[in-house]
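Good morning, and thank you for joining the group meeting. Please look at the structure on the screen while I go through selected local features.

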Amino acid sequence: MKLNIEGLLVYFPYDYIYPEQYSYMLELKRTLDAKGHGVLEMPSGTGKTISLLSLIVAYQRAFPLDVTKLIYCSRTVPEIEKVVEELRKLMEFYAKETGERNNFLALALSSRKNLCIHPEILHANIVVYSYHYLLDPKIADLVSKELAKKSVVVFDEAHNIDNVCIDSMSVNITRRTLDRCQNNVDTLQNTIQKIKETDAAKLREEYRRLVEGLKEANVARETDIYLSNPVLPDEILKEAVPGTIRTAEHFVGFLRRFLEYLKSRLRVHHVVQESAPQFLKDIFDKVCIDRKPLRFCAERLQSLLRTLEIADIADFSAVTLISNFATLVSTYSQGFTIIIEPFEDRTPTIANPVLHFSCMDPSIAIKPVFQRFQSVIITSGTLSPLDIYPRILDFRPVTMASFTMTLNTFNVCLCLVALSSKFETREDFAVIRNYGNLLLEMSAVVPDGIVAFFTSYVYMENIVASWYEQGILENIQRNKLIFIETQDAAETSMALEKYQEACENGRGAILLSVARGKVSEGIDFVHHFGRAVIMFGVPYVYTQSRILKARLEYLRDQFQIRENDFLTFDAMRHAAQCVGRAIRGKTDYGLMIFADKRYARADKRGKLPRWIQEHINDGSLNLTVDETVQLSKHFLRQMAQPFRQEDQLGLSLLTLEQLESEEMLQKITQIAHQT
Amino acid sequence: MASLSEEVLLVVKKVRQRKQDGTLYLMAERVAWGPEGKDRFTVSHLYADIRCQKISPDGKAKIQLQLVLHTGESTTFHFANESSALKDRDATKELLQQLLPKFKKKANKELEEKNRMLQEDPVLFQLYKDLVVSQVISAEEFWANRLGGINNTDPAVVNNKQEVGISGAFLADIRPQTDGCNGLRYNLTADIIESIFRTYPAVKQKYSENVPHNLTEKEFWTRFFQSHYFHRDRINTGTQDIFSECAKQDEKGLKSLVIQGVKNPLVDLLSLEDKTLDEGYGICTTLPSTSNANKTVKESSNSAIIKRFNHHSAMVLAAGSRKGEAPTDQASETSSTDGNSRDSDFFQPPVKKVKLQEAIEYEDLQRENRPKTVALNLKKSDRYAHGPVPLQSQHYTTSQDIINSVNYIRHEMMNYKPNLTEVRFYTAFLMITKSHNYQKETINRSEILHCIAVFLSCVVLVER
């Protein structure tokens, strides 16, 4: 159908439309009009991707000077491929409706294996790739730095974007890293020696360039040609490379000194935690390394590697890592912490020292993106509470909206079961048995597939062992086959495929899985692959980790976000991700069971996305196992009736005429829940 | 003698039946007993008629063997030869054990099927009484129509009859009981043994290698239940038993399956992420290292249990779909059905394309190509949802099955040549529905399916 969205002609490649899709497009258009950033939450299965693509493509066609490019970032390879598939569908629709082959060039980078050459990116109208191409400075510098300012950037499935940002800026250094680095430095020295004998002019030329400084890059940044690189701070662009590291030999010598210092730091017997300024002071006191040359380290190494014409950069990953660390630690006095642990907590007798240089501020990595591009859209099915993302990513959105799934009848049955799994009681025999009974009872009433999530892998292992001893698993096997996620991805993939096979052939199966695991983040359980999801416990992150503690402190001091608020927010977004795995559309239905009484508390409930909260009512709170079974039976029998389009039309599914009626337009404007 | 030409497999003398001495004959197709000095059999059972055999417990004074027939009758033989009674009985038992299953499948299924149909279906039973008992047609003719009716309805059923799968919990059904003197007693039935063999072909192989040459059957199973193989949560401490090889084979099979990878790219966790961070970058999550060295005994026992469950489920699933073929085919099966090379990145494999398209499809947003479905007209939906029929988890019929059945009937009706019988056709259906009193509000799925089945059988009758 062809839609008119506030005067913009939008081609939408379906016969019907969901009201929330229209509403979503409306908000999106307003964001683009304002040339600002937006945060939009809409549950999966409501056709978010096609709405995004339809509107932005239409916008690009209508205002080719205002929006030149769409950069669509998603998290997993299958997600990226789905986007491409939807785009193909849209393009076919355009071709059919307008009768002309459009001249849109879309480009997908679905795997680093077939990494493309960047000129093509520059010419494409639409680029689809993974987050890392934009957020990881090492790759962004290669792939994305010349993307036009007038681009719209979409981060889909963005509920974990803060973690991606943090990951891309954090460094871990072990003894192995340092050993490999030592080898790298030796190789560099030999290569320099060789070149000096054969082609000394090359090194002199490099020296000359370095005296000139990084002027070129500075010009580029000032004239706004490039996406800036957070590992290349503004200040150093204005200065020449310091004399102490300007010649190749001096630089290698400098690296050696730095390396020796790091080695000495790893020889600790107790845990050390310090800030970046403390680290800089210590390195100056001990080996007289100044802050300034450290800041140039990454750039100086790149220059050297180019000069030496080293083909396989991957061999030099260790020295690159160390020099990136040097630059980061000397550039950012805030937002990072250094933790040196002499051994793993679990194995205090085995020395395995690690230096963690952890980024605690996700806004550092994403800042260049917000600064450069005119519109950045953060969207996902789970972004609640919406206001937390602008705070932790440090940006000002022009739109923030949450949409819910309009339905004529509820296709979700939500049960909050009053079981406890508080950390203190969760090893309790009775708690484990109650969990087991719940699963056993559900395995008898739910057809086809059930997915159950646990809060951590170790916890799941223990529960499975107890259930095995108590004979619960045996009884479950009478109803369904059991498959369990393991820490081996290949093994789990196979278990997943077998699980689907068992759901497909009617035998039915249960998948035991882990929140925050790969399954919970990337696998959908549509229709009969997931008729019920059970979340055992609240998936809090492991709070004893020093890195997490440091991050929580930082959040409290810098963003005034209370520790508990953040932990609960983080637990709820993962819980929502888990239960959301099973509902992937309006024709889908399923049970969502939160098996922990803490979910009933206002501070937890309030942090769940709107499309989940809506299903919570007095009848679904504080249930016993028996009540849950009764509710489920009733719900499943109702749902077993065919889904009929006629019932949906006019309510949760609209024709063009219905959409254009005055009354409906009124209604639709209320769908978006503004914050 | 009735049939001297029959091949006699075993002759056992001094076997008493109803306090009469006599001789027991095991022949190719039947077991027979004749009293001493007479040249005819007073007892003769076809193997196909025998449901099972039972033996008297060891240590009892009388050494007996009982045959239970499908009809429920039983015949007991008492082995009375003082010197070799036990040996005689065991020889008979073992031979029967080999013979019975061969006949069991064929005959049993048919008989049981007929029985079940008559029991479950009052209309059919009435028909049977009207037609067969009143001698309008013979029983064979009746069943020929009836069974043919099933087969005709679905060509797929004729071509590959679906085998009965294996219960995922068959191992749980072997409950050990204490025998009162520090021992455990496992009760094995032929079904359970078959389940074990089908699910774990490696055990079957061990069985055929060792029984009866090296071990008796009893010894074999005793060792099985004592083995680390059976108690997989115990870590193999290095003791060698005949099953340690099975464990190794399983491990190997599992590994080769894992290496082959999965067909559906959407569940392939290995290729989920485009880029994992380079080594050394990222927040180091404090995941326990997976190397075995650091694991406590409890942890490796736990992961052994998890592995075992995944393996068991996969094997049960595979046994269900194997259809009696050699189990080793599994590997080639998975690799060949794919039919496309994974190496080429330029060429999107069809499986992937289909899966992707499935994943992005919004069927309700499209106007066309939706199968018409028929909803139940529920007058009192509460009664539909709450009872009174207890939910039977084992015989769950999905709504898709019903829709398919209804679609099938619709299709059948559309293609039906309009002739006079058509009138009867409809009437028949109406009559069936009426006779089943489907005006009542509560209809459960099995009733609907049942109604359809009766209807189809009548269609065939009318056609003839």
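**A buried aspartate in a loop**

B:Asp268 counts as buried, because its relative accessibility is 16%, where buried means under 20% relative accessible area, exposed means over 50% and partly exposed lies in between, with a 1.4 Å probe and protein chains only. Before I continue, please note that this is a predicted model, in which local features need pLDDT of at least 70 and side-chain atom pairs count only at pLDDT 80 or more, while totals for chains, interfaces and linings use all residues. Residues are numbered from 1 along each chain as its sequence is written, chains are lettered from A and ligands numbered from 1 in the order in which they are written, and side-chain values use heavy atoms, with hydrogens and water left out.

B:Asp268 is found in the loop that runs between helix H8 (244-260) and helix H9 (297-322) of chain B; helices here are DSSP runs of H or I with at least four residues, strands are runs of E with at least two, and both are numbered from the N terminus. Leaving aside residues up to four places away in sequence, B:Asp268 touches A:Ser493 and B:Val262, a contact being heavy atoms within 4.5 Å.

**Chain B as a whole**

Chain B contains 15 helices and 9 strands. It has 464 residues, of which 37% count as buried. Among its contacts with a separation of 6 or more, 49% come from residues 24 or more positions apart. The accessible surface of chain B is about 28100 Å², and carbon and sulfur atoms contribute 53% of that area; the areas come from the Shrake-Rupley method with a 1.4 Å probe, and for residues only the protein chains shown count as cover.

**Two helices in chain B**

Two packed helices are described by the angle between their axes and the distance between the axes. How do helix H5 and helix H6 of chain B cross? The axes of H5 (residues 190-199) and H6 (residues 201-210) of chain B come within 5 Å and cross at roughly 110°. Axes are lines fitted to C-alpha atoms, for helices over the stretch in contact, and angles run from 0 to 180 degrees between N-to-C directions. H5(B) and H6(B) are therefore roughly perpendicular to each other, under a scheme in which angles under 35 degrees count as roughly parallel, over 145 as roughly antiparallel, 65 to 115 as roughly perpendicular and the rest as oblique.

On the H5(B) side, the contact involves B:Ile196, B:Phe197, B:Arg198 and B:Thr199, which meet B:Pro201, B:Val203, B:Lys204 and B:Tyr207 of H6(B). These residues divide into 5 nonpolar, 1 polar and 2 charged; Ala, Val, Leu, Ile, Met, Phe, Trp, Tyr, Cys and Pro count as nonpolar, Asp, Glu, Lys and Arg as charged, and the others, Gly among them, as polar.

The peptide bond from B:Val211 to B:Pro212 is cis, with omega near 0°.

**Strands in chain A**

I turn now to chain A. Strand E3 (residues 37-41) of chain A is mostly covered, with 5 of its 5 residues buried. A:His37, A:Val39 and A:Glu41 point one way, A:Gly38 and A:Leu40 the other. E3(A) runs parallel to strand E13 (residues 397-402) of chain A, joined by 5 bridges, and A:His37 has A:Pro397 as its bridge partner there. E3(A) is also parallel to strand E12 (residues 375-380) of chain A, through 4 bridges, with A:Ile377 as the partner of A:Gly38. Strands pair if DSSP finds at least two bridges between them.

In the loop between E12 and helix H17 (388-393) of chain A we find A:Pro385. A cis peptide bond, with omega of about -10°, joins A:Ser384 to A:Pro385.

A further open sheet in chain A has 4 strands in the order E8-E11-E10-E9, with antiparallel pairing. Which strands stand at its edges? They are E8 (171-174) and E9 (272-274) of chain A, each with a single partner strand, so one side of each is left without a neighbour in the sheet.

A:Arg516 is not a glycine, yet has a positive phi of about 75°. At 29% relative accessibility, A:Arg516 counts as partly exposed.
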